[in-house]
Amino acid sequence: SLKEFAMSVTEVVRWKAPDGREIEGLLHRPAGTSGKKLPLVVHVHGGPAGAYTLSFAASANNYHHILTARGYAVFQPNFRGSTGYGDAFIRLNRNDWGKGDFLDIMSGVDSLIAKGVADPERMALHGWSYGGYMCAWSITQTARFKAASCGAALTNLISMYGTNDIPSTLDDYFGGGPYGTPNVDAYWKASAMAHITKAKTPTLILHGQADDRVPLGQAQELYLGLKRQGVPTELVTCPREPHGFREPNHQVDKIERELAWFAKWGVK
């Protein structure tokens, strides 16, 4: 299908986080739109120790060429905790989920608005796994996004710890499990569900029914929490799918649902 649309124009962007640290990311735009204010899709990577690189993107979770072909700018931040920037940088989000990394992302968004790249009234957010965590977290911290799509999202770190297949990873990030003080407070305060009453952003929730890494209950908690707050939301689960969607029809469906969700809520 590549011949059906133009490829993204990509550049490396850098900005200062509130603590003065330089953060890097990628900005993708349609060709010929330099100087034009565009609707912005913020795409948060997983891991959390993932990273966006200058490479060809062609997956259900990284389809910026399709987005730019529809007139969007796509912002992919390599926030603190990302790989590729040294050991100290990758350790910065230990016991800091949803804090410094969230500020890194939002300060990057602000830099694009200040440059006239992004339209602050037309912004959407999406991510998968830790990107889904950051998506769920962000809608409880800000109402600046008009739409969000949270895929395989960690939403309650206490229930996540007791039901997923790698609790030792959470041990590493939080200095142990959530049982007993002070860790139980750290796990809960870093969970979107602890702040769900603040959410206002229309949110699409996507999840695999066979996901052992981030069990389906995480999506169900987010869905019920949003419904109880009267926030527009949809929960879509795909049969047989583990942590990352593998069946081509589900991958295509994911992309089409996200595009439709963003447009429905005015990000177009």
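Guide: We may begin with a definition: a nonpolar surface patch is made of residues with over 30% relative accessible area and no salt bridge, whose nonpolar side chains are joined within 5 Å. Please note that this model is predicted. Leu2, Met7 and Phe56 make such a patch, of about 290 Å².

Visitor: Why is Leu2 called partly exposed?

Guide: The relative accessibility of Leu2 is 47%. Buried means under 20% and exposed means over 50%. Because 47% lies in between, Leu2 counts as partly exposed. This residue is found in the segment before β1 (9-16).

Visitor: How do you know that Ala192 is buried?

Guide: Ala192 has a relative accessible area of 0%. Ala192 lies in the loop between α7 (183-189) and β7 (203-208). Leaving aside neighbours within four places in sequence, Ala192 is in contact with Ala136, Trp137, Thr140 and Thr155.

Visitor: What is the separation of the C-alpha atoms of Ala192 and Leu222?

Guide: These atoms are separated by 8.0 Å, although the two residues are 30 residues apart along the chain.

Visitor: How do you know that the span of helix α3 agrees with its number of residues?

Guide: Helix α3 (residues 100-114) has 15 residues. The expected span is 1.5 Å times one less than the number of residues, so α3 should span 21 Å. Its end C-alpha atoms are 21 Å apart, and the two values therefore agree. After α3 comes Gly116, whose phi is positive, near 80 degrees.

Visitor: What makes α3 mostly covered?

Guide: Of its 15 residues, 11 are buried, including Phe102, Ile105 and Val109. Among the elements that cover the buried residues of α3 are β3 (38-44), β5 (118-128) and α4.

Visitor: What makes a set of residues a nonpolar core?

Guide: Its members are buried residues of kinds such as Ala, Val, Leu and Phe, joined through side-chain atoms within 4.5 Å. The largest core here has 53 residues, and Leu40, Val42, Trp97 and Tyr133 have the most contacts inside it. Helix α4 (residues 130-139) gives the largest share of this core, 7 residues. Apart from this core lies another, of 19 residues, among them Tyr72 and Trp261.

Visitor: Which residues does Val42 touch?

Guide: Not counting residues up to four places away in sequence, Val42 touches Phe75, Ile105, Val109, Ala124, Leu125, His126 and Phe145.

Conventions: Residues numbered from 1 in each chain as written. Predicted model: local features only at pLDDT ≥ 70, side-chain atom pairs only at ≥ 80, totals over all residues. Heavy atoms only, no water. Buried < 20%, exposed > 50% of the residue type's maximum accessible area, 1.4 Å probe, protein only. Helix = DSSP H or I, 4+ residues; strand = E, 2+ residues; numbered from the N terminus. Contact = heavy atoms within 4.5 Å. Patch = residues over 30% accessible without salt bridge, like charges linked within 9 Å, V, L, I, M, F, W, Y side chains within 5 Å. Areas by Shrake-Rupley, 256 points an atom, 1.4 Å probe, with all protein chains shown as cover. Salt bridge = Lys/Arg side-chain N within 4 Å of Asp/Glu carboxyl O.
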